[in-house]
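This report goes through a protein model part by part. Please look at the sequence and the structure below, then read on.

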There are 2 protein chains.
Amino acid sequence: MQNFDYQTPTRLVFGKGVIKKLPSVMRGFGKRVLLTYGGGSIKKMGLYDRVKELLKDFEIYELSDIRPNPKYDPSVLDGVKICKEKDIDVILAVGGGSVLDCSKAIAAGAKYDGDPWDLITYKVKAKEALPIVDIITLAATGSEYDMGGVISRTETNDKIGYMDPLLYPAVSFLDPTYTFTVSAKQTAAGCADAMNHIMEQYFCEDSTILNDGFMEAGFKSLMINAQKCLENPEDYTARAEMMLSCTYGCNGIYSLGNSGSGWPCHGMEHALSAYYDITHGEGLAIITPGWMKHILSDKTVDRFVKYGVNVFGIDASLDKFEIANRAIEETYKFFESINIPMHLKEVGIDESRIDEMAKHVAENEGLENAWVPLSEKDIADIFRASL
Amino acid sequence: MQNFDYQTPTRLVFGKGVIKKLPSVMRGFGKRVLLTYGGGSIKKMGLYDRVKELLKDFEIYELSDIRPNPKYDPSVLDGVKICKEKDIDVILAVGGGSVLDCSKAIAAGAKYDGDPWDLITYKVKAKEALPIVDIITLAATGSEYDMGGVISRTETNDKIGYMDPLLYPAVSFLDPTYTFTVSAKQTAAGCADAMNHIMEQYFCEDSTILNDGFMEAGFKSLMINAQKCLENPEDYTARAEMMLSCTYGCNGIYSLGNSGSGWPCHGMEHALSAYYDITHGEGLAIITPGWMKHILSDKTVDRFVKYGVNVFGIDASLDKFEIANRAIEETYKFFESINIPMHLKEVGIDESRIDEMAKHVAENEGLENAWVPLSEKDIADIFRASL
């Protein structure tokens, strides 16, 4: 078991109707609010009006149109500008992980005099950040309970994970009913994203009875509840279990004391969605089975056996590699069963830029330090196996 | 799934050698420190000297002799007096759960002008508390990651759980090597305490796939690792897994969104250790099987089946009540296997005050609101079945 230093100060306010606590929570931070959101979905579902009504005594400025794979320019830069000009006290992010990730970069940039890209690339360490409150409308990234965000810069094909303890949301509101209207495609992609967050922690050298059981429960919760959400999008319990299983995804609680995996799938997927702007969760699902096959070896087989036996109920008396291969197949079949396009070609990615993307990943994602180190060639092989 | 509002601000600094961070952590809170501890064990193991050496630039005042089932008078009162007289900035609790529980009551009392008993009995709500840093030397109560403490008042046989969000420790240092010298008796009692914390959350009306898996992993981790610690007290990995499994015990993370159990075993055990000053974990282990048998019914049997199948691997195809009864027997046998005295008589409790204790519990612990409500007669029956 490894040493760790862990603290998640975020308050989780979870359940049906909890938004009624929003005004009292917001009053703790000040009167001048930057409300951030994406497209029109929060308007369609009535959440935008509800927030405006609840915060009618506040001064609200807005940044809308934050897109999936949120962009440095214009979203982060525009948000920082509003915060500085309007002397914003607190950011209220309403939406999915992209809106929240973007808001985290804005929160840091608002308190920094230079170019916010300095912070995102760790050229300069942030000293301060605006507080963030969020209302989550998509079960997926776990950004509501972690200190990170991922920001894309189109002109350089960069998609960078930016982390700082200053960026934990102060308060996250999680009402599962807000996810009733999430499309089948986004429900599945969110599930795949969260599944992968757990895989990135599960597949490592050294874990514990406690962490393995917690993560295996996370896998099962996500798989069983995603199916239920697709069958009945208004199944409250299934949406609620999905939401909490996703919330724990990236904050470390699933695996305190584990040795790391190095987050190889996320490293590779960052290139796919930076180059092609695909849906992050779909990109992850597509490359995961190829990555698993690529790293299966005498060194790793025991983890795959544990995964196969405990998550999929595969007969423990079979040959180790047979269990491992069946576990990989079950993973693929699960993603297929929730209608994720399981080939890169289906999301518009062909052979043409694979070598370029593999080079970009090898140079920027540090995957030579992953549990199973990945070279540029390994990465290209995994991409090709996923075509 | 129930609504919840959850926040644990405590920072966990976990692992071998982490105490080297103590001076920098303490500097964040001030120079004037109240060092609280129990008997001589932290001196014997060299931890007292190490702390004094690390904090040689601080002004340290001491409160020692804090006993198991920590006492309002003298421990809490003495501590409050020192804090007020010496204008203490921060409390450093070094020891097990009793030292930390006592320190929490001191932290609140130090910032209150009246009798601290007003706070402990919720007659007055605390407005402020001193920050607490702790160094844990016993895997058991989870006080290092929760906002509660249990304080005893001998003259009235009161043992009261006192909770307030102000009482979360600011920083908890958890070095598993400090538990190498814990006796077999205390190792077992700590395991039983932590097992029971999870049971008090597991046995309820409504849980989730995620929570059940997490808690079942907690049970297994505690049972397997307790055996290993008893076989080899210096097994680092086993001590570390024990420690973390205990840390999560009472802070809610094992069961966010579950309906509650009402903590019936703790309610009953409070009387046992208030009247007889027995070891808390032993008292819990002794009454647990009797409580389980008492509440087993058509309403509860399915939870016992889940527990039996998933924790003890009992054949799921058997009759439900057979599985449940075997699960209760396995629980008893596990506690016996780690040498816990499994009868009240063995810890000096006889028939004589059972009715008096049952009355005290019924009047003070609110067990009429437990998942399976317990009347005064039920409580007396469970005590008698445990004789």
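## A loop residue and its contacts

A:Leu296 is in contact with A:Val301, A:Phe304 and A:Ala324, leaving aside neighbours within four places in sequence. Two residues are in contact if their C-beta atoms, placed from the backbone, lie within 7 Å. A:Leu296 sits in the loop between helix H11 (280-295) and helix H12 (301-312) of chain A. Helices (H or I, at least four residues) and strands (E, at least two) are DSSP runs, numbered from the N terminus.

A:Leu296 counts as partly exposed because it has 18 C-beta neighbours inside 10 Å. The rule is that a residue is buried if 20 or more other C-beta atoms lie within 10 Å of its own, exposed if 12 or fewer, and partly exposed in between, with C-beta atoms placed from the backbone. From A:Leu296 to A:Phe321 there are 25 residues in sequence, and 8.4 Å in space from C-alpha to C-alpha.

## How the model is read

This is a predicted model, in which local features need pLDDT of at least 70 and side-chain atom pairs count only at pLDDT 80 or more, while totals for chains, interfaces and linings use all residues. Residues are numbered from 1 along each chain as its sequence is written, and chains are lettered from A and ligands numbered from 1 in the order in which they are written.

## Chain A as a whole

Chain A contains 15 helices and nine strands. Its C-alpha trace spans about 65 × 40 × 40 Å along the principal axes.

Of the 387 residues in chain A, 56% are buried. Among contacts in chain A with a separation of 6 or more, 76% are between residues 24 or more positions apart.

Domain 1 of chain A gives 19 residues to the contact and domain 2 of chain A gives 25. On the domain 1 side, strand E7 (148-153) and strand E8 (158-163) of chain A each supply at least two residues.

E7(A) and E8(A) run antiparallel and are joined by six bridges; strands pair if DSSP finds at least two bridges between them. A:Gly148 has A:Met163 in E8(A) as its bridge partner. The two strands form a hairpin with four residues between them, and A:Asn157 in the turn has a positive phi of about 55 degrees.

## Where the chains meet

Strand E2 (residues 11-14) of chain A pairs with E1(B) in the antiparallel sense over three bridges. Here A:Phe14 stands opposite B:Phe4.

## The nonpolar core

The largest nonpolar core has 256 residues, and A:Ile91, A:Val94, B:Ile91 and B:Val94 have the most contacts inside it. Such a core is a set of buried Ala, Val, Leu, Ile, Met, Phe, Trp, Tyr and Cys residues joined through C-beta atoms within 7 Å. Beyond its neighbours within four places in sequence, A:Val94 is in contact with residues including A:Leu35, A:Tyr37 and A:Ile135.
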